[in-house]
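Here is a friendly walk through one protein model, written to be read with the structure open beside it. Please keep the viewer at hand as we go.

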Amino acid sequence: MDGIPLPVPAYIDDREHISCLFAGTRLSTTSQKGLLFTRNGKLDKVAVVKLSIIVPAYNEGATIGDICEKIRQVELAGGIEKEVIVVNDGSSDNTEEVVSRYSETHRDLPITYFKHSTNRGKGAAIRTGIQRATGDLVIIQDADLEYDPQEYNLLLKPIVDGFADVVYGTRFMGGNPHRVLFFWHTIGNRLLTFLSNMFTNLNLTDMEACYKLFRADIIKSIHLQEGRFGFEPEVTAKVARIPNVRIYEVGISYYGRTYREGKKINWKDGFKAIYCILKYNLFA
Ligand SMILES: Nc1nc2c(ncn2[C@@H]2O[C@H](COP(=O)(O)OP(=O)(O)O)[C@@H](O)[C@H]2O)c(=O)[nH]1
Ligand SMILES: [Mg+2]
């Protein structure tokens, strides 16, 4: 879709959709909120704005309650609504009990819960979440505490301002706090991003970052196959091929965890990522 920003102030002559949100300001009065999408300078669509927050969770009982609480506390710019979709990826710990207790005691946060009967991987959990998302925008939120939901507003800005269709967070740009951790992981991340960029001709700086925000129609239109951590290179290759897609990057914080603290990704996932970069850019 050819989206270009509409000039401010915008006038919307559409009885069905009587409100809009642009540059964080609601321009007309109604109980409905909406986000403008434009095509060739003309109004294309005004949608009620809801952010679907997909939380893939595999044995994250220790942190999933805290992440739900952080999501509950964040107030989204322009009054954008939230929907949380937790996908329990066949956990053998108390993830389910924690989510169910949390949602019973915090009814103000709409949480939808799905469970895979067996462990299928982060990519499969995200796919389940995308299928069930009812929002206009979709963001991926890991169930550990490495990323800060307060930063959703940073990622939303280029979309709400009418400039972007997809926004990637990057841990390698901007002045936000980043935990100092593994040198070789950083080199690995940079190499994977470099290789991915060579094929996609994008200038991303952190292809592997968890925070990726998509317009829902865009992510739902992409056929995703990868079950495990191959999700990141696959979605990047497929987004990059969408004609005229507008991708932005925003600096985010990173409160990385160690393996003792529960990190699970390892060097084998790095090799799998190389395989996926080649597969989805050259053959699929
Ligand atoms: N490692 C792992 N994580 C999964 C799986 N399924 C869902 N996830 C979730 O995917 C997210 C990222 O996992 P994590 O181990 O933190 O990966 P990293 O932060 O990229 O090192 C977390 O929310 C996990 O709970 C799985 O099969 N394995
Ligand atoms: Mg993590």
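Helices (H or I, at least four residues) and strands (E, at least two) are DSSP runs, numbered from the N terminus.

Before going further, a word on the ground rules. This is a predicted model, where local features need pLDDT of at least 70 and side-chain atom pairs count only at pLDDT 80 or more, while totals for chains, interfaces and linings use all residues. Residues are numbered from 1 along each chain as its sequence is written, and chains are lettered from A and ligands numbered from 1 in the order in which they are written.

**The overall picture**

The protein has eight helices and 11 strands. It comprises 284 residues, of which 40% count as buried. A residue is buried if 20 or more other C-beta atoms lie within 10 Å of its own, exposed if 12 or fewer, and partly exposed in between, with C-beta atoms placed from the backbone. Taking contacts between residues at least 6 apart in sequence, 77% join residues at least 24 apart. Two residues are in contact if their C-beta atoms, placed from the backbone, lie within 7 Å.

Back at helix α4 (residues 152-160), the buried residues are Tyr152, Leu154, Leu155, Leu156, Ile159 and Val160. Ile159 turns up again in the contacts of leucine 137.

**Around ligand 1**

Ligand 1 is surrounded by 16 residues, and the closest are Tyr58, Asp89, Ala143, Lys264 and Ile265. A residue counts as near the ligand if its C-beta atom, placed from the backbone, lies within 6 Å of it. Two elements, β5 (50-57) and α3 (122-132), each supply at least two residues of this shell. By class, the shell holds six nonpolar, two polar and eight charged residues. Here Ala, Val, Leu, Ile, Met, Phe, Trp, Tyr, Cys and Pro count as nonpolar, Asp, Glu, Lys and Arg as charged, and the others, Gly among them, as polar.

**Helix α7 and its partners**

Helix α7 is mostly covered, with nine of its 10 residues buried. They are Phe231, Glu232, Pro233, Glu234, Val235, Thr236, Ala237, Lys238 and Val239. These buried residues pack against α3, β9 (166-170), α5, β10 (212-215), β11 (247-251) and α8.

Let us look at two of those partners. Helix α7 (residues 231-240) packs with helix α8 (residues 267-283) at an angle of about 25°, their axes being 8 Å apart. That angle makes α7 roughly parallel to α8, a label used for angles under 35 degrees. Axes are lines fitted to C-alpha atoms, for helices over the stretch in contact, and angles run from 0 to 180 degrees between N-to-C directions. On the α7 side, Pro233, Glu234, Ala237 and Lys238 meet Ala273, Cys276, Ile277, Tyr280 and Asn281 of α8. The residues of this contact divide into six nonpolar, one polar and two charged.

Helix α5 (residues 183-200) and α7 have axes that come within 10 Å and cross at roughly 25°. α5 is therefore roughly parallel to α7. Their contact is made by Ser196, Phe199 and Thr200 of α5 and Pro233, Thr236, Ala237 and Ala240 of α7. This contact has four nonpolar, three polar and no charged residues.

**Two asparagines with positive phi**

Neither of these residues is a glycine, yet asparagine 59 has a positive phi, and so does asparagine 244.

| Residue | Phi | Loop | C-beta atoms within 10 Å |
|---|---|---|---|
| Asparagine 244 | about 60° | between α7 and β11 | 9, exposed |

Leucine 137 sits in strand β8 (residues 137-140). With 27 C-beta neighbours inside 10 Å, leucine 137 counts as buried. Alanine 216 is 79 residues away from leucine 137 in sequence, yet their C-alpha atoms are 4.7 Å apart. Leaving aside neighbours within four places in sequence, leucine 137 is in contact with Leu51, Ser52, Ile159, Leu213, Phe214, Arg215 and Ala216.

Glycine 270, in helix α8, is partly exposed, with 18 other C-beta atoms within 10 Å. Not counting residues up to four places away in sequence, glycine 270 touches Gly188 and Leu192. Its C-alpha atom is separated by 9.2 Å from that of histidine 185, 85 residues apart along the chain.

Definitions and conventions:
Parallel < 35°, antiparallel > 145°, perpendicular 65-115°, else oblique.
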